[in-house]
Every structure is written in C-alpha cells, then in structure tokens.
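Thank you all for making time this morning.

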Amino acid sequence: MESTSTTVPSIVVYVTVPNREAGKKLSASIISEKLAACVNIVPGIESVYWWEGKVQTDAEELLIIKTRESLLNALTEHVKANHEYDVPEVIALPISGGNLKYLEWLKDSTREK
C-alpha cells in the first residue's frame with residue numbers, strides 16, 4: 001500500500017464463531033468499540049481441525065474483520081474476553097492495497113488505539 005497521511009496500515013482478521021447469534025453479538029461489540037470499520041459474517045463454513053487429540057468437524061460462521069494494524073492487540077483481547085471458545089481463532093493478514101477511499105473510510109471509522 002502506498003504510504004500517505006490519509007490511510008493507516010490495515011489488516012483483515014479472521015475469527016470463527018459457532019453460530020449466527022454469536023457472530024452478530026461479537027461483531028456488534030467490535031464495531032461499537034470502534035475496534036474495526038466493518039465485519040462480514042460468512043455463514044455455512046465447515047471447519048476440520050485437530051483438538052484434544054483427535055480430528056473434529058464443526059459447522060461455524062466466519063467473521064471477516066477489517067481494521068487498523070495498530071488495533072490487533074486490542075481486538076484480540078476483546079475477542080478472547082467475549083468469545084465462548086477456550087481458544088478462539090484470531091488470524092491477521094495485511095492489506096497491501098485497494099480502494100483508497102475505502103481505506104480512508106476504514107481509518108476514519110476506527111479508533112487510534
């Protein structure tokens with residue numbers, strides 16, 4: 001991403017949730033706290049993973065969270081405190097470019113720290 005004063009380093013964060021209700025509740029709290037500009041809730045995913053010594057398969061929903069890189073720690077702590085899983089997924093990927101107006105909106109819609 002081109003460095004300008006109108007945007008900030010930004011990330012996409014993936015968080016899985018067990019169902020729609022949990023996803024809506026967590027998404028609303030993230031947005032209310034200005035920890036992200038937008039959360040997409042993607043229904044109907046199936047997760048296959050290793051847990052407690054065996055392969056598990058669960059229906060889940062995926063939250064795709066767009067936020068500032070500087071908010072990752074605060075977002076992670078918020079998810080851990082408000083998620084029903086013992087070890088919730090929080091995975092961040094850098095945004096390397098995109099629509100400048102969207103990236104400016106992302107900056108303007110989130111808190112600094």
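Predicted model: local features only at pLDDT ≥ 70, side-chain atom pairs only at ≥ 80, totals over all residues.

Residues are numbered from 1 along each chain as its sequence is written, and side-chain values use heavy atoms, with hydrogens and water left out.

Let me begin with helix α2, which covers residues 72–82; helices here are DSSP runs of H or I with at least four residues, strands are runs of E with at least two, and both are numbered from the N terminus. Which residues of α2 are buried? They are L75, T76, H78 and V79, where buried means under 20% relative accessible area, exposed means over 50%, and partly exposed is in between, with a 1.4 Å probe and protein chains only. These residues are on the same side of α2, because they cover an arc of only 160° around the axis, the arc being that of the directions from the helix axis to the C-beta atoms. The other side of α2 has N73 and A81, which are exposed. The buried residues of α2 pack against β1, α1 and β3, and contact in this talk means heavy atoms within 4.5 Å.

If we leave aside its neighbours within four places in sequence, H78 is in contact with L26, S29, I30, E33 and L35. With S29 there is also a polar contact, side chain to side chain, at 2.8 Å. By polar contact I mean a pair of N or O atoms within 3.5 Å; within protein, one must be able to donate a hydrogen and the other to accept it, and residues adjacent in sequence count only if both atoms are side-chain atoms.

At the start of α3, a side-chain oxygen of N99 comes to within 3.0 Å of the backbone nitrogen of K101.

Now to the charged pairs: how many salt bridges does the model have? The count comes to 4, a salt bridge being a side-chain nitrogen of Lys or Arg within 4 Å of a carboxyl oxygen of Asp or Glu. One of them joins E33 and R111, at 3.8 Å from N to O. E33 lies in the loop between α1 (20–32) and β2 (38–51) and R111 in the segment after α3, so this pair ties together parts that are 78 residues apart in sequence. Both partners are partly exposed, E33 at 41% and R111 at 28%.

Another salt bridge pairs E104 with K101 at 3.9 Å, and these two residues of α3 are 3 residues apart, about one turn of the helix. Here E104 is buried at 17% relative accessible area, whereas K101 is exposed at 61%. In α2, E77 and K80 are likewise 3 residues apart, with their closest N and O atoms 3.2 Å from each other.

Most residues other than glycine have a negative phi. K34, in the loop between α1 and β2, has a positive phi of about 60° although it is not a glycine. E52, in the loop between β2 and β3, also has a positive phi, of about 50°, and E52 is exposed at 68% relative accessible area.

Finally, there is a nonpolar patch on the surface, formed by V48, W50 and V55, with about 370 Å² of accessible area together. V55 belongs to strand β3 and is exposed at 55%. Patches are made of residues with over 30% relative accessible area and no salt bridge, like charges being joined within 9 Å and nonpolar side chains (Val, Leu, Ile, Met, Phe, Trp, Tyr) within 5 Å; accessible areas come from the Shrake-Rupley method with a 1.4 Å probe, and for residues only the protein chains shown count as cover.
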